[in-house]
Amino acid sequence: MKVAIVGAAGRMGGRLIQAVLDAQGLELTGAIERPGHPQIGTDAGLLAAVGELGVPITDNLATTMANADVLIDFTFPDVTLKNLEICAKQGKMIVSGSTGFTPEQKAQVGKFAEQIPVVLAPNMSVGVNACFKLLKEAAKILGDDFDVEIVELHHNKKKDSPSGTAVRMGEVVSETLGRDYNQVANYHREGMCGERTKEEIGMQTVRGGDIVGEHTVYFIGMGERIEISHRAMSRDMFARGAVRACQWLQGKDAGLYDMQDVLGLS
Ligand code: NAD
């Protein structure tokens, strides 16, 4: 299976190059960056510190995808939507880890997924996806008696807040408790904002240094508290998850899938 990576020079880019090289049955045939990026023309292998691979970084997704079966995209929602358009035109599959999509942008992704197989997941790690499953179970057992609060920590270069993973965690709990996440998520508490409502889910973000990503969901009851936490120590497991998604996509019909599908947890 021939794989191209977009966002190749980014924090995830080098890890993805390494993960594709390590994976069975995958071959890296393309690496793409934004026009004007200083690494255009550099060999992709040098970004992952594995030596030259004969795969120069280009700024042309359309021509690069002509020699690829699947695109791994770790960029940003507006870029991902343009990439989806090109992949849909060429009938190519896509695995995207980009985060920060608005509900309207998510709906646009869904439209492209009517034409091609798409995996979109705000967190590709097996551990976080196991947490999604655990959260569903915890919410089922604890019901409305426990207040739910979510805290996430990331590095100081992260552009979107709260993280796509924290939002997904909030959605999983809301869906299980029969609430509408967009109605109950509370991102701001300041001044005399009143008592907490029973339904709300507090969302707090911390940004600093080089934190790869940490998420904790608190279920807070009277006299007891449950915390479900995930801490990422490196970016490699996100990259390994993306590669696993590529392998899983082979032979799949057009549709929108996530890591729960890839891991058989849905
Ligand atoms: P980054 O800023 O280090 O890298 C993004 C790269 O995309 C940059 O090199 C940038 O130049 C490139 N880019 C921007 N516009 C482009 C364009 N038009 N064409 C081609 N390339 C373009 O960011 P990062 O930390 O690598 O994260 C990238 C994305 O992945 C973010 O949305 C982040 O939240 C997400 N992420 C997801 C997961 C997951 O498991 N799903 C894990 C980590 C990060």
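## Helices and strands in a predicted model

Visitor: Which strands does helix 6 lie across, and at about how many degrees does helix 6 run to strand 11?
Guide: In this predicted model, helix 6 lies across strand 10 (213-220) and strand 11. Relative to strand 11, helix 6 runs at about 170 degrees.

Visitor: What is the order of strands in the open sheet, and which are the edge strands?
Guide: The open sheet has 5 strands with mixed pairing, and their order is 8-9-7-10-11. Pairing on one side only marks the edge strands, which are strand 8 (185-186) and strand 11 (225-232).

Visitor: How many bridges join strand 7 to strand 9, and which residue in strand 9 stands opposite valine 148?
Guide: Strand 7 (residues 147-154) and strand 9 (residues 201-207) run parallel, and the bridges that join them number 7. The residue of strand 9 that stands opposite valine 148 is isoleucine 201.

Visitor: Are helix 6 and helix 7 roughly parallel or roughly antiparallel to each other?
Guide: The axes of helix 6 (residues 126-142) and helix 7 (residues 164-177) come within 9 Å and cross at roughly 30 degrees. Angles under 35 degrees count as roughly parallel, and therefore helix 6 and helix 7 are, to each other, roughly parallel.

Visitor: How many nonpolar residues does the contact of helix 6 with helix 7 have?
Guide: Residues of helix 6, among them Val128, Phe132 and Leu135, meet residues of helix 7, including Met169, Val172 and Leu177. By class, this contact has 3 charged residues and 2 polar ones, while the nonpolar residues number 9.

Notes: Residues numbered from 1 in each chain as written. Predicted model: local features only at pLDDT ≥ 70, side-chain atom pairs only at ≥ 80, totals over all residues. Heavy atoms only, no water. Axes fitted to C-alpha atoms, helices over the stretch in contact; angles between N-to-C directions. Helix = DSSP H or I, 4+ residues; strand = E, 2+ residues; numbered from the N terminus. Parallel < 35°, antiparallel > 145°, perpendicular 65-115°, else oblique. Contact = heavy atoms within 4.5 Å. Nonpolar A, V, L, I, M, F, W, Y, C, P; charged D, E, K, R; others polar. Pairing = 2+ DSSP bridges.
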